[in-house]
Every structure is written in C-alpha cells, then in structure tokens.
Amino acid sequence: MISAERGPIRTRTGGALPLTAVTAGTVAMVVSYAGPLALVLAAASAAGLTEAQASSWVWAVSIGAGVTCVGLSWWSRAPVITAFSTPGAAILVTALPQHGYPEAVGAFLAAGVAATALTATGVFARVMARIPAGVVAAMLAGTLFSFGTAVFTSVRSAPLLAGAMLLAYLLARRLVPTYAVVCALVAGLAVAGATGGLRVDLPGLGLAVLHFTAPQFSVGALVGIGVPLLVATLAGQYAPGIAVLNAAGYRPDSRVVCGTTGLVSVLLAPFGSHAVNPAAITAAICTGPDAHRDPAKRWIAGVTCGVGYLAVGCFGSTLVALFTGLPKALVATLAGVALLGSIAGSLARTVADERDREASVITFLATASGVTIAGIGSPFWGLLAGVAAHFLLRTGTAGGAPKGRRSLPERGSDGPSSPVRTPQSTRTAPDGMS
C-alpha cells in the first residue's frame with residue numbers, strides 16, 4: 001500500500017459515487033487539458049511534428065497520467081493526482097525545434113530514468129523532509145495565488161460569465177456548500193451557451209494511432225532538453241505535488257508515487273511522453289473539503305480524473321477540441337473558485353509557525369512573483385529562497401528561536417505547536433514535512 005496503514009479504507013457510499021468527488025476529479029481533468037495541453041500542441045507545432053506524432057504524444061501523456069492517477073489513487077485510497085509536466089512542456093516549446101525528434105525522445109527517456117532513480121531510491125524524499133512545513137505551504141500558496149487572482153481578472157474581461165460563476169459559487173457556499181463548485185460550473189456553462197461563448201467543434205471520434213519513435217542519444221539533446229526537463233519536473237511538479245498531498249494530511253510513500261510516474265514516463269517516452277508526474281494545481285482541487293467532506297472518500301476524485309485522462313487519450317486529439325473550445329474565462333474562474341479552500345489553508349499554514357514566518361513569507365512572495373530563471377519556474381526559486389532564508393535566520397539560534405527573542409504563540413491563537421487535524425485514515429506523522 002502507498003498509505004502507511006495496510007488494507008483499504010472502508011467507506012459507505014450508499015451504492016452511488018459521491019457527486020462532489022466526481023465533480024472535483026472532472027474539474028481537475030478539464031483544467032489539465034484546457035491550459036497545459038496548449039503547450040504540448042505548441043511544442044509539437046514548433047518542432048514540425050506530423051499529425052500522427054502529435055496525436056501519439058497526446059495519447060502517451062494522457063494514458064500515462066490516467067493509468068497512474070487511477071492506479072495510485074485506488075491503491076492508496078488517497079486522491080493521488082498525476083499529470084503531464086507543464087513546465088517541461090513550456091521548455092520544449094523553444095528547445096524541441098533545435099533537435100531532431102528521435103534525439104528529443106532519447107532525452108525524454110534519459111530524464112525519466114534519472115527521475116525514477118532519484119525518487120525511487122528515496123534521495124528526493126530525504127531532501128524534501130528537511131524543508132520546514134511553513135516554507136512548503138508558502139510555496140503552495142504562491143503557486144496557487146495566480147489562480148485565485150485570475151477569478152477577478154476574468155470578472156474584468158468577461159464580467160457576465162465570471163460574475164455569474166462567482167455569484168453562484170458564493171450563494172451555493174451559503175446554501176449548499178457541498179455543491180458550490182458544481183453550481184459555479186453549471187452557471188458558467190449556462191451563460192457561455194446563452195451568449196454564444198461555447199465554440200466547440202468536435203470532429204468524428206476516432207481511436208488514437210500510436211507512433212513509435214526509436215530513441216537516439218546526443219550530448220546536445222541530453223543537455224539542451226534532458227537536464228532542463230529533469231530539473232523543471234522535479235522542482236516544479238514533484239516537490240509541490242507531494243507537498244499538496246502532505247498539506248491535506250495524506251502521507252503516501254513518495255518513493256512509490258514518484259517512482260511509479262517516473263517508470264511510466266520511461267515506458268511511454270518512445271511514443272512521445274515527455275514526463276508524467278504528481279500534479280500540484282489540479283491535486284489541490286481534489287484534496288480539499290470541497291471534493292468531499294470525508295477525507296477517506298476523496299480518492300474517488302483521483303480515480304475520476306484518471307478515467308477522464310484515459311477517455312481523452314483513447315481518442316487522441318479528437319476530444320482536445322472539447323476543452324480548448326471552452327471560454328478561457330470559464331476555465332480560469334472555475335479553477336480559481338475550486339482552489340479557494342486550498343489557498344486559504346496554505347496561507348494559514350504559511351504564517352502558523354512564528355519561528356519560520358519570515359522565511360515562509362519570502363517563499364510566498366518569490367513563488368507568487370512568477371519569475372522564471374534559466375527555464376525553471378518560480379516554485380523552485382521560491383522554495384530555494386525560503387530554505388536559504390530559513391537557514392540564515394535560524395543560524396546561531398538557541399532552542400529554535402532567534403537570540404534575544406522568545407517564540408511565543410500569538411494572542412488569540414493556539415500557537416505554532418497546535419496540532420493540525422489530518423485524515424485519520426492516512427495520517428502517519430504530524431502535519432508538515434520537517
């Protein structure tokens with residue numbers, strides 16, 4: 001089992017799947033395709049790939065994410081959400097045209113082997129275990145920050161659509177809080193349909209045709225594609241992806257989760273998969289209370305998301321039009337309201353421990369800035385800045401508090417030593433990664 005406790009969690013679903021969990025998994029799947037997939041298609045176009053190669057790429061990343069999402073969620077009874085590497089796809093938009101496609105596949109394969117070795121052996125987990133919980137929470141808050149502000153950016157660009165979704169969400173939170181995200185989605189689709197905003201033109205359904213590419217290895221591709229892809233995926237996806245699960249109180253064995261996704265990436269690389277990895281943004285949609293009030297039942301959201309991946313993958317790029325045809329404001333607003341709970345929780349943990357508060361705030365600001373250096377996104381640089389600040393500020397301290405300063409709980413709060421409630425069925429350690 002991925003969870004430290006053996007045996008499946010026994011839950012009563014009354015013979016029917018929980019609507020909120022199914023909705024959360026569906027929303028996570030839609031968000032995955034509506035935005036990041038555009039980077040994959042852009043990279044394929046920039047590199048001049050054939051239609052068969054591009055379709056096989058979509059199939060590979062979809063099947064890889066689907067199999068791992070369903071398998072890991074079912075096995076662990078936790079909402080383990082996986083996806084294809086978004087920062088990796090962003091790197092490929094500029095890097096892929098500079099190399100032959102077989103050489104790029106060789107770089108995909110090498111990056112997958114390296115990721116599997118670093119995660120399955122526990123090296124990656126040991127590094128993450130030394131990072132303070134507040135700093136990790138701040139990285140998550142900074143990563144999700146832009147999705148929260150996008151709700152109000154959408155209100156400015158599409159006031160009727162985004163405004164109706166936000167109003168529906170708030171009213172539902174007051175009247176039927178369990179179905180708030182569902183109500184926002186229904187309101188968005190209704191307004192988009194009434195105003196002609198849904199421009200979905202589905203061609204005839206056809207099964208995806210696989211295209212095998214024998215990998216070739218070159219120093220240029222390994223350095224130009226393999227190394228940036230590995231670093232960006234580990235720092236931008238693996239670290240925040242595991243952190244999302246930990247922050248929600250789930251404690252899967254990261255060696256199994258990350259090692260499995262790395263192995264699947266290796267197996268599917270010849271078909272175009274650049275990287276399959278634990279998800280962060282979409283995972284936050286499925287791990288919060290909006291997915292289900294009972295933490296032990298949120299794994300259903302993970303299975304639902306994975307089934308959606310598999311359905312899209314089987315039909316290649318045919319169903320991509322369904323997601324790319326949705327109004328951008330609808331997708332942005334939907335993701336934003338679905339992540340409000342996760343943003344609030346991450347911000348609360350960011351400032352919970354006074355001893356690491358400054359380092360955590362530095363992490364949040366650096367991550368929320370969206371800065372990209374050397375092709376590596378802000379989550380990595382925010383985490384690096386926070387860890388550096390943590391060690392600099394804590395150097396030469398006694399008892400964990402800076403000299404001349406006592407670490408006391410704030411008035412009106414339970415203080416930094418307050419226990420954090422975690423799902424009883426998956427808890428193996430106190431909340432936090434340090």
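Author: A salt bridge is a side-chain nitrogen of Lys or Arg within 4 Å of a carboxyl oxygen of Asp or Glu. The model is predicted, with local features needing pLDDT of at least 70 and side-chain atom pairs counting only at pLDDT 80 or more, while totals for chains, interfaces and linings use all residues. Residues are numbered from 1 along each chain as its sequence is written, and side-chain values use heavy atoms, with hydrogens and water left out.

Reader: How many salt bridges does a search of the whole structure find?

Author: One of them joins the side chains of Asp-253 and Arg-255 at 3.1 Å, N to O. Another joins Arg-355 and Asp-353, with the closest N and O atoms 2.9 Å apart. For the whole structure, the number found is 3.

Reader: How many residues apart are Asp-290 and Arg-173?

Author: The side chains of Asp-290 and Arg-173 form a salt bridge of 2.7 Å, N to O. Arg-173 lies in helix 8 and Asp-290 in the loop between helix 12 and helix 13; helices are DSSP runs (H or I, at least four residues), numbered from the N terminus. The pair links distant parts of the chain, and the separation in residues is 117.

Reader: Is Asp-290 buried or exposed?

Author: Buried means under 20% relative accessible area, exposed over 50%, and partly exposed in between (1.4 Å probe, protein chains only). Because its relative accessible area is 16%, Asp-290 is buried.

Reader: How many residues of helix 3 are buried?

Author: Helix 3 covers residues 51-76 and reaches 37 Å from its first C-alpha to its last. That is close to the 38 Å expected, the expected span being 1.5 Å times one less than the number of residues. Helix 3 is mostly covered, and of its 26 residues the number buried is 19.

Note on methods
Helix = DSSP H or I, 4+ residues; strand = E, 2+ residues; numbered from the N terminus.
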